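Here's a quick tour of some charged pairs and a bit of sheet. Have a look at the structure first, then read on.

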Protein chains: 2
Amino acid sequence: MQSDAVVLLGGGNIDILPTCFRPGAAVIHCEPTLESGIAELIVITVKIILSSMVCCKIMEKMYSIQHFSVLKLNLYISDIEISRAQIPKPVNQLAEEVGLLPEELEAYGRSKAKVCLSLLDRLHTQPDGKYVLVAGITPTPLGEGKSTVTIGLVQALSAHLSLNSFACLRQPSQGPTFGVKGGAAGGGYAQVIPMEEFNLHLTGDIHAITAANNLVAAAIDARMLHEATQSDKALFNRLVPSVNGVRKFSPIQFSRLQRLGIDKTNPASLTPEEVTSFVRLDLDPSKITWQRVVDTNDRFLRKITVGQANTEKGQIRETGFDIAVASEIMAILALADSLEDMKNRLARMVVGTSRSGQPVTTEDLGVSGALTVLMKDAIKPTLMQTLEGTPVFVHAGPFANIAHGNSSVLADKLALKLVGRDGFVVTEAGFGADIGMEKFFNIKCRASGLRPNVVVLVATIRALKMHGGGPNRHKPKDIPSLYLNLSLVAAGCHSNLKKQIQIAHLFGIPVVVALNVFKTDTQAEIDLVCEIAKGCGASDAVPCNHWAQGGRGSIKLAQAVNEAASRPSNFQFLYNIEMPIADKIRTIAQKVYGADDIELSPAAKDKIDYYNQQGYGLLPICMAKTHLSLSHMPDKKGAPTGFVLPIRDVRASIGAGFIYPLVGTMSTMPGLPTRPCFYDIDLDPVTGEITGLF
Amino acid sequence: MQSDAVVLLGGGNIDILPTCFRPGAAVIHCEPTLESGIAELIVITVKIILSSMVCCKIMEKMYSIQHFSVLKLNLYISDIEISRAQIPKPVNQLAEEVGLLPEELEAYGRSKAKVCLSLLDRLHTQPDGKYVLVAGITPTPLGEGKSTVTIGLVQALSAHLSLNSFACLRQPSQGPTFGVKGGAAGGGYAQVIPMEEFNLHLTGDIHAITAANNLVAAAIDARMLHEATQSDKALFNRLVPSVNGVRKFSPIQFSRLQRLGIDKTNPASLTPEEVTSFVRLDLDPSKITWQRVVDTNDRFLRKITVGQANTEKGQIRETGFDIAVASEIMAILALADSLEDMKNRLARMVVGTSRSGQPVTTEDLGVSGALTVLMKDAIKPTLMQTLEGTPVFVHAGPFANIAHGNSSVLADKLALKLVGRDGFVVTEAGFGADIGMEKFFNIKCRASGLRPNVVVLVATIRALKMHGGGPNRHKPKDIPSLYLNLSLVAAGCHSNLKKQIQIAHLFGIPVVVALNVFKTDTQAEIDLVCEIAKGCGASDAVPCNHWAQGGRGSIKLAQAVNEAASRPSNFQFLYNIEMPIADKIRTIAQKVYGADDIELSPAAKDKIDYYNQQGYGLLPICMAKTHLSLSHMPDKKGAPTGFVLPIRDVRASIGAGFIYPLVGTMSTMPGLPTRPCFYDIDLDPVTGEITGLF
């Protein structure tokens, strides 16, 4: 653990090059001709001595993780105990190691920090690293471990192959954390630490989204009430108040005037008709699409009636709450590529339709500036680390169903600059490759302009057995992973795994299959999966033991990914954005899901006509389909064929920028079971230790 | 601006004494016999050279605030422009100056940080400083400036009289910030900076409260659904699941068993009756007192019907949302004096009543451990600074109506240790002294054990004129502060001001009247108020010009407070906690409000009987009364007499620890006006500057 400290004379700044990957290496530019320069030089020199001492201590701890021989068998140890046993590097040190300047960092406590977007400007000439997407085969209800594979892969790349890497993960919703699923920081020896921080409030992004989303909702209902109870004149006098005898439009009101085709600047010059059209959004209560959100599994809020107090004068209506991560604002956070882009998207969001059929936006409500203010910090990705001290960005976490289920464009972009040309950014897409990966390519990559190099497709023996005809049970104890059944495994590989590989190839990207190994899997099963996967066109297929061994257990995967990334890829979108909406939907249904055709309901047809008429026809498609089957039928495992995909309805997220067809009924608010996870979650007030948050 | 750097040999730690108040002074203990000690010594020495240079620069800026002669007239400058023109000290530097160790600080960005409670242990032998409460006369709807007086006072004490001081403020709700009132960071040259940070998410405490509050709500409704649709056996099997063939109670379930008088540890040994009483909370839907919350002015959520989706199987019920700061969890945060105390209070919260009349707690729901986990960071106060760089704690902000309206016990306790024996902690109570101050003494001081030294009573000429018989209008332009009317002023002083001084004297605390001066006030008016106030028993009465001049404008107030604090005080509670509930209410009504008597409704009488029966009779009283009059009638200004106070209903916050009688109807959810503040709130995506958040 030696430091390569090189002191260059001249220049006034301290430039520590990324040293996360080669701990201790630093190049320092100093100006020794000034008094302050000399003082700085002394400080820096001493700091290097001290910090390399600290670094050595920490790296000893970090490297000790790679020797798991003793802990490997100790399977009673919980994820949180593993997490707690590791001491994270101070986030300032981590940031310095990955090449961030102190002014680009906003620490939130000791182990997480927001990273400023100005970094993109500073590094704009830096070439991007390799871009790796982790997707999965069609999962069992338990999930097949994409997050742990992602974390294990970067631990292997950085801590074992000395290749710069960054993992980009989604921020988990508190709903599942306290509900059924529990925490989402990975598991075993492939975790983000500290997992409590990851699983709880993090740096407040989801809370900011909740606040912004619900401000819009409050603005909608209050506006309808005020319009229902006031004359045009009263509304106008209040909306454009006289301040010291002068009435002025605010900037946000000019935007509305523009959309109305009114190019006047003097409020007094508006005709009565113009006043009416300006002050009355005239929202149709039955056509409000905006829902309130909470980041809690609160099923009783799925359908509610609001406005029942006397003070609301009988303006009651039915509406509902979604889980916060299903908010369009979350999808926007994930797709925005700058503060300005986010601001514009927040202003474009359509909350409903006027009685005359015009879309009404958040800008019409006058609230979009405030939304941007509420979201100003949320747009900065959060830096954390894996159990082996390698860097992670946690940012955004849109619902993988009515939204696109991928982490943020900005985190990926920042990470691609930080790792440099030969480095790797590993990002993850929700659900199976037919959903998360398809949306990653067609929506996220279209928005970002980024082009992926490799797809890692995660599979498990238990899920392959299910696809091969084995039982599809919902409880861990019922998953028949304890018996050897090579024929079920082979059938699963030849159906679902093969189809998901082919889907990735539709986009021109090489696929590495990562078999997430469970302790009950046999060598024969493992060998069989890898053999068939390669036969189906995967560049490589390797078993992964990150859960039990951390990065060391994923070295083969890291090598395979490195090899595949060196191959040429020919990325292409699945559909041209200019295609008619129905054709885009049909293309996804046929080429990705394997459907014969689609069937649009009358409601869906009407909506498509309406969106075309409003100029939304050029948006990409975000399918809302079950993740439990390639088809719309959750029970059809493997690779179903011979079905027609029914499109029940079509909706649009104009700010996020996609049309989302509904295939069946999608719940956007989970529920709590009889015994939710929170029963076991507790905190010892003396030690501060948290239990039950696994 | 010289540094007094004293280097002591021996000892390994760096002990920087509080230097906020004497910038640059530091005592350093070093161990020069070890290599690391020498290195450390060099670093520290160089750091002192550098930091005193930085410090000088910053202090020049800070001190420049005291010369307002030019800016004073520039009244077009908005609060946010004043805030933006000042560069806050880095919070790490501020923390070091006030005597915090680096490990006691958790920075949240560059200008705010959470402070660890371990500080209380480290400083437990340190004597407390002087404890000053800022209260007010009965206000106009615009408020009379308690926050600016508080901030101006600490700016004067620390930056101008070189007396250590800390301001302890409440975190503002986002509801008013985006609704009617706007930001709450003070105003003019008496502000907390950066005001955007203060007014937006701060360090996420209110979001944590919202998450915790709504997890309880989700748990209540989900539990009722599961109890309604499952047999005792099914419930038991799910609540106490068999894991690897073994059923075990979780710790939180043992607590419930204890309350039920069941001392068994083996789940299999419970009788069928015991199983029934264990699994069935049997909540009466009509007696659920727990409401959901959002931190938004969303009037349409005041009264709603939930559970209308088919999935909830007809279990609909009426309920509502409160603004987040009205959550009992906020009141608990403000009153808890340790993590353990908070945890116990969170477990004691009563959410409703069973059909057999038993209170049902969050611990019965199994959720109280998770609540503590959600609130683990919120319990740490947030360190910020005033415009003149003096320290501020921002922590908690319970509704001043159904809750007690004071900032946190813990922030006050930490600050009292940090300022030392001769220093000052200035804390603020919401609304008029009859409400905020009465609750400060009888509830907060009872919980904390702290004893105040001085009350600062804030008055304005405009409010005094109103109390003297002038018009009571709700709009700034209608407040007749532009005309000289000494008789109205005198009448206001002899009624409301006199009565509020007398109320403070009931508790044995000396009063300094702070007249918050507006530019339209005349010298004759100012002199008259000060003269009458002293005649009514105030220790002193002084005009304050902090809005226009910062701390320099509050030097007289600071001197008066310093003088009053040196006098002996004889603090006493207004009532003995053992008194019957009705007598405690009557005591407050008669002695504080000036009522002849109280009149309890039948509902109120029933509730008092129920609370006595449940053992809640020993709790203090938190009156929910209008803040616009000493009486229950908002239009009765001055010091009304000859009225009977009607008690409509009585409720209880068992976790927070008070009974709250309802005097009239209290709205716990504000609404949005036709043109909310958010219309003007915007962010420039290029500069990042925020507008409209004043």
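## A salt-bridge network

In this predicted model, a network of salt bridges links Glu106(A), Lys376(A), Asp377(A) and Lys380(A) with Arg110(B), Lys112(B) and Glu197(B). Over all chains, the count comes to 76 salt bridges.

## Pairs that join the chains

Take Arg299(A) and Glu312(B): their side chains meet in a salt bridge, 2.7 Å from N to O. Arg299(A) sits in the loop between strands E12 and E13 of chain A, and Glu312(B) in the loop between E13 and E14 of chain B, so this pair joins two chains. Both Arg299(A) and Glu312(B) are buried.

Lys343(B) and Asp682(A) make another salt bridge, with the closest N and O atoms 3.0 Å apart. Here helix H13 of chain B holds Lys343(B) and strand E28 of chain A holds Asp682(A), so this pair joins two chains as well. Lys343(B) counts as buried at 19% relative accessibility, while Asp682(A), at 23%, counts as partly exposed.

## A link within chain A

Asp337(A) and Lys413(A) also meet in a salt bridge (3.8 Å, N to O). They're 76 residues apart, with Asp337(A) in the loop between helices H12 and H13 and Lys413(A) in helix H15. Asp337(A) is partly exposed, with a relative accessible area of 29%; Lys413(A) is buried at 17%.

## A three-stranded sheet

Chain A has an open, antiparallel sheet of 3 strands, ordered E11-E16-E17. E11 and E17 are the edge strands, and the twist averages 50° from one strand to the next. Helix H8 packs on the sheet, touching E11 and E16, and its direction makes about 130° with that of E11(A).

E16 and E17 are joined by 3 bridges, and Val350(A) has Thr361(A) as its bridge partner in E17(A).

Notes. Residues numbered from 1 in each chain as written. Chains lettered and ligands numbered in written order. Predicted model: local features only at pLDDT ≥ 70, side-chain atom pairs only at ≥ 80, totals over all residues. Heavy atoms only, no water. Pairing = 2+ DSSP bridges. Helix = DSSP H or I, 4+ residues; strand = E, 2+ residues; numbered from the N terminus. Axes fitted to C-alpha atoms, helices over the stretch in contact; angles between N-to-C directions. Contact = heavy atoms within 4.5 Å. Salt bridge = Lys/Arg side-chain N within 4 Å of Asp/Glu carboxyl O. Buried < 20%, exposed > 50% of the residue type's maximum accessible area, 1.4 Å probe, protein only.
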